[in-house]
Each structure stands twice: as C-alpha cells, then as structure tokens.
Amino acid sequence: MKIELKQIGVIYTLFKTKEETPIQPFKSEAEGRIEIFPKYAEGLDGIEQFSHVILVYYFHKIKDERLKVKPYLDNNIHGVYATRHPHRPNHIGISTVKLLRRDENILYVGQIDIVDGSPLLDIKPYVSAFDRRDNVKNGWLEGKI
Ligand SMILES: C[S@@+](CC[C@H](N)C(=O)[O-])C[C@H]1O[C@@H](n2cnc3c(N)ncnc32)[C@H](O)[C@@H]1O
C-alpha cells in the first residue's frame, strides 16, 4: 500500500546539519520553533495544558533506506527497527519535547533533536499514564544511556 501524508507544519531549529544535531531529546538543551500551517492551527487548541508533546516528523535529509545500521551509540550493527536510526524505510522520526509556550499557530519547544526545516506530520500530547513504562529492558542500549 502506498500512503500519502499531509505535512501540517515545519520544525525550525538551530541545527542545519544532521552531524550537529543532538541524538535524542533527553541529551538536548536546544530550543526550537514549530510553525503549524494556519489551516491546521485550530487543532492545537488545548495543547498548552500539556508540559510535553510528541512530534512525528519526516527525516527530510535522508535519501536512502537501510535495514542494518550502526547506531550513534554503538559500534555494532543492528536491525534498523532495533534502533532509532534515521535511515529507516519510511524516514519517520518521533521526539518527545518540552512545550514551552504557544503563540497562536506557533509552538516554542525545548529539548529538541531535529534538523532545521523538518516537515511536521503530527503532534500528540505526552501523557504519563499512556506513555511511561516501568520495568523496561533497553536492549543493546543498556548501560550506554
Ligand atoms: C537518532 S535520531 C532520533 C530521532 C528521534 N528522537 C527518534 O527517536 O525518532 C536523531 C538524529 O537524527 C538526525 N536527524 C534529525 N532530524 C533529521 C532530518 N530532518 N533529516 C535527517 N536526519 C535527521 C540527526 O542526526 C539526529 O542526531
């Protein structure tokens, strides 16, 4: 099945290249600005009640796709779905970021790990009861984070 998605906005950050971008939000102190296209802005109503949001976006600087990758935090090769590596077949990224404030169709966020200009596909509120898990196994990342 071929699926077509709508871009709902643009993520602006200070990171112009992949190389200078932090590897995960929890390692980042950087702030960013997210512009939601006016036709989708009404969908933001109520979002200011949340401290964190989950951004779903397109890794627009990736051209190829790989099923085996060497992730940033390891020298071993892993299946791409056992990693958060951007060279994945659908080039989709997710980042939980801090919501600092909303100004109409603009969101100001903290703890960002995204390259400037990334197309935004979706936003969801981070809800601790839904999204937090205890007794977690972190696979090959254990001891590295
Ligand atoms: C390891 S990935 C994790 C991204 C996200 N938190 C996730 O788990 O899906 C983070 C890296 O993706 C790369 N990246 C971020 N935005 C990108 C974009 N728009 N195009 C290509 N690579 C990007 C940067 O190199 C960044 O360090």
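Predicted model: local features only at pLDDT ≥ 70, side-chain atom pairs only at ≥ 80, totals over all residues.
1. Strands here, labelled E, are DSSP runs of at least two residues, numbered from the N terminus. E3 and E6 each supply at least two residues of the shell around the ligand. Strand E6 gives the most, with 3 residues.

2. Which residues come nearest to the ligand? They are His60, Arg84, Ile94, Asp113 and Ser118, out of 22 residues around the ligand. The space that the ligand takes up is the largest pocket.

3. Arg84 places a polar side-chain atom 2.9 Å from a ligand oxygen. In the side chain of Gln24, an N or O atom is 3.0 Å from a nitrogen atom of the ligand. Val115 uses its backbone instead: an N or O atom there lies 3.1 Å from a ligand nitrogen. The protein covers 98% of the 600 Å² of accessible area that the ligand has on its own.

4. Turning to charged pairs, the model has 6 salt bridges. One of them joins Asp116 and Lys16, with the closest N and O atoms 2.9 Å apart. This pair links distant parts of the chain, 100 residues apart: Asp116 sits in the loop between strand E7 (106-110) and strand E8 (118-125), and Lys16 in the loop between strand E1 (9-12) and strand E2 (31-36).

5. Glu48 and Arg102 form another salt bridge, their closest N and O atoms being 3.0 Å apart. Glu48 lies in the loop between E2 and strand E3 (52-58) and Arg102 in strand E6 (residues 92-103), so the bridge ties together parts that are 54 residues apart in sequence. Both are partly exposed: Glu48 has 44% relative accessibility and Arg102 has 23%. Asp45 belongs to this picture too, as Asp45, Glu48 and Arg102 are linked in a network of salt bridges.

6. Finally, the side chains of Arg66 and Asp64 also meet in a salt bridge, at 3.1 Å from N to O. Arg66 is partly exposed, with a relative accessible area of 34%, and Asp64 is partly exposed at 32%.

Definitions and conventions: Residues numbered from 1 in each chain as written. Heavy atoms only, no water. Salt bridge = Lys/Arg side-chain N within 4 Å of Asp/Glu carboxyl O. Helix = DSSP H or I, 4+ residues; strand = E, 2+ residues; numbered from the N terminus. Buried < 20%, exposed > 50% of the residue type's maximum accessible area, 1.4 Å probe, protein only. Near = heavy atom within 4 Å. Polar contact = N/O pair within 3.5 Å; in protein donor to acceptor, adjacent residues only side chain to side chain. Areas by Shrake-Rupley, 256 points an atom, 1.4 Å probe, with all protein chains shown as cover. 1 Å grid on protein atoms, 1.4 Å probe; cavity = no way out; pocket = protein on both sides within 12 Å on 5 of 7 lines; lining within 4 Å. Sits in = over half its atoms within 2 Å of the grid points.
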